[in-house]
Every structure is written in C-alpha cells, then in structure tokens.
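Please walk me through this structure, starting with the whole chain and ending with a single residue.

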Amino acid sequence: MISDDDPFHDCELDPEAILGTHTFEDVLFTDETETPVNVLTGETPAHSQATVEEAKEFAASIDTETPQIALPASVESQVETQSKPYTAAAFFHFKATGSLERHRAYHAAYESDAFAVDFEADYASGDLTITVERADES
C-alpha cells in the first residue's frame, strides 16, 4: 500500500525504475541541432542562430529551484514563432527522459529527501546522464 506521503504515490513507475545511472543520448541542444534554412537564400534566419553557450546561459537564467537544461526546439516552432533553436526545461523533462512516466518518477525523487539526484549535461555529445541513489546509500 502506497501512502500519500510516499513521493511516488502519483507515479506509474516505482523508484527501482530510475535508481542508478541512466544516460539519455542526443537529447540536449548542441551545435548540430537542426535549424531552418531559407529556401530562397540558403541561409539560417538570424533568430535561429545560436551557440551552445547562449543556450546554457539561457537555461541557467531561468528563475526556478529546479535546475534547467537546454533542449532543442523543433524546426517548426522556430519557423512559426521565430524563436531560438533551443528551449529550457527541468533536467528530468519528458522530452529529455523519453516518457512522462520517467519525468514524474525523476521529479518525485528530486523533490524527496529519500533520494539523492544528480545529473550531467554534456552539450558536446548532446547526452544527459541522471543518477539517482537512495539518500541513505549516497
């Protein structure tokens, strides 16, 4: 029986599913992130030109208690909204972890004192590595 004070009470996954180290490949904004090209000029519009450093600074500037990472924005959203080729999201965002179930489980672990959660964002490779341990084991 799961109680309401269990951080995983609303999660489809239990803690065992996220314990340990997991790497999510090619999910971060990188210098290789796809950007739109104007078919008439062959050039990338100015709003879609950005560096990894700009993206990392943008993610770090978000005023929240949860660490943010820079994720690639879709080409469609860049064209439709004339936005940058990146967006910021919590490090456990479903676009990075691959599923809403994993997102909820990482979020629950991050918010709980029972777990130690750490992450590494490697913007050179685009890989995100998340490590979750029970707090009494870390």
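The model is predicted. The protein contains four helices and five strands, and from the N terminus on these elements follow the order β-α-β-α-β-α-α-β-β. Along the principal axes, the C-alpha atoms fill a box of roughly 60 × 25 × 25 Å.

Next come burial, surface and charge. The protein has 138 residues, and 33% of these count as buried. Its accessible surface comes to about 8300 Å², with 46% belonging to carbon and sulfur atoms. The side chains include 6 positive and 30 negative ones. The centres of these two sets lie 3 Å apart.

The residue to look at is Arg-134, which is found in strand β5, spanning residues 127-134.

What does Arg-134 contact, leaving aside its neighbours within four places in sequence? The partners are Pro-15, Glu-16, Leu-19, Ala-114 and Phe-115. With one of them, Glu-16, the side chain of Arg-134 also forms a polar contact of 2.5 Å. As for Asp-63, this residue is 71 residues from Arg-134 along the chain, and the C-alpha atoms of the two are separated by 27 Å.

Key:
Residues are numbered from 1 along each chain as its sequence is written. This is a predicted model: local features need pLDDT of at least 70, side-chain atom pairs count only at pLDDT 80 or more; totals for chains, interfaces and linings use all residues. Side-chain values use heavy atoms; hydrogens and water are left out. Helices (H or I, at least four residues) and strands (E, at least two) are DSSP runs, numbered from the N terminus. Contact means heavy atoms within 4.5 Å. A polar contact is a pair of N or O atoms within 3.5 Å; within protein, one must be able to donate a hydrogen and the other to accept it, and residues adjacent in sequence count only if both atoms are side-chain atoms. Buried means under 20% relative accessible area, exposed over 50%, partly exposed in between (1.4 Å probe, protein chains only). Accessible areas come from the Shrake-Rupley method with a 1.4 Å probe; for residues, only the protein chains shown count as cover. Lys and Arg count as positive and Asp and Glu as negative; His and the chain ends are not counted. The place of a charge is taken as NZ of Lys, CZ of Arg, CG of Asp or CD of Glu.
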